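Subject: Structure handover

Hello,

Here is the structure I promised to pass on. My notes follow below it.

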Amino acid sequence: MKTVPFLCVAWLAAFGSAHAADEFASAKEAESMVVKTVAALKSNRAATLSEITAKAPKWIDRDLYPVVYDTTGKVLAHGQNDKMVGKELIDFKDPDGKLFVRERVDLAKSKGKFWQDYKFTDPVSKKVLPKQAYCERSGEDIVCAGVYKR
């Protein structure tokens, strides 16, 4: 009978952690979200910016959502925080003091498509975690979607 509790713990360890991993978006899914957003912006820019900020279900996937900036670091759409829209974030720093929006704008201008590392507060755990964003420049728009490194 002592094996039953052990088996329950083993099952939770094996399958519980696998389930938890499914709750968070992957790097591949972040890339897909950015590609989808860029295509939608090209099709109907105003509607897409509005839908993203309104948190339309097609723009939210678990912890994944797009953010759209202009080339000055101004937020044009934000899939989680509508209060950020219209704000100039060029001097916004992560908890380590990294000017990640400035770096993002610079990378968009020089590379066009890139991955960027920074730190951000996870809205679920409230912990500062390493995060990685995939971004693409499309005209004067910079589209990003980030995933936490878990």
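Helix α2 lies across β1, β3, β4 and β5. Its direction makes about 160° with that of β5. Helix α3 also packs on the sheet and touches β1, β2 and β5. The angle between α3 and β2 is about 55°. Please keep in mind that this is a predicted model.

Now the overall layout. The protein has four helices and five strands. Along the sequence they follow the pattern α-α-α-β-β-α-β-β-β. The protein has 150 residues, and 39% of them count as buried. Of the contacts with a separation of 6 or more, 46% join residues 24 or more positions apart. The exposed surface comes to about 8,600 Å², with 59% of it supplied by carbon and sulfur atoms.

Next, the sheet. The five strands form an open sheet in the order β2-β1-β5-β4-β3, and the pairing is antiparallel. β2 and β3 (113-121) are the edge strands, each pairing on one side only. On average, neighbouring strands are turned by 25° against each other, direction ignored.

What does β5 pair with? β1 (residues 66-70) joins β5 over five bridges, in the antiparallel sense. β4 (residues 128-138) also runs antiparallel to β5, with eight bridges between them. Val 143 is the bridge partner of Val 68. Val 143 is also the bridge partner of Glu 136. Arg 137 stands opposite Ile 142 in β5. β4 and β5 form a hairpin with two residues between them. In that turn, Gly 139 has a positive phi of about 65°.

On to the cores. The largest nonpolar core has 19 residues. Those with the most contacts inside it are Val 34, Leu 49, Trp 59, Leu 64, Val 68, Val 143 and Ala 145. At least two residues each come from α2 (27-43), α3 (45-53), β2 and β5. α2 gives the most, with six residues. As background, nonpolar side chains tend to be buried together in soluble globular proteins.

Leaving aside neighbours within four places in sequence, Trp 59 is in contact with Met 33, Lys 36, Thr 37, Ala 40, Thr 48, Glu 51, Ile 52, Leu 64, Tyr 65 and Pro 66.

Is Thr 71 buried or exposed? Thr 71 counts as buried because its relative accessibility is 13%, and the cut-off for buried is under 20%. The side chain of Thr 71 makes a polar contact with the side chain of Glu 140, at 3.1 Å. Not counting residues up to four places away in sequence, Thr 71 touches Val 105, Lys 109, Arg 137, Glu 140 and Ile 142.

Best wishes

Terms used. Residues are numbered from 1 along each chain as its sequence is written. This is a predicted model: local features need pLDDT of at least 70, side-chain atom pairs count only at pLDDT 80 or more; totals for chains, interfaces and linings use all residues. Side-chain values use heavy atoms; hydrogens and water are left out. Two strands pair if DSSP finds at least two bridges between them. Buried means under 20% relative accessible area, exposed over 50%, partly exposed in between (1.4 Å probe, protein chains only). A polar contact is a pair of N or O atoms within 3.5 Å; within protein, one must be able to donate a hydrogen and the other to accept it, and residues adjacent in sequence count only if both atoms are side-chain atoms. Contact means heavy atoms within 4.5 Å. A nonpolar core is a set of buried Ala, Val, Leu, Ile, Met, Phe, Trp, Tyr and Cys residues joined through side-chain atoms within 4.5 Å. Axes are lines fitted to C-alpha atoms, for helices over the stretch in contact, and angles run from 0 to 180 degrees between N-to-C directions. Accessible areas come from the Shrake-Rupley method with a 1.4 Å probe; for residues, only the protein chains shown count as cover.
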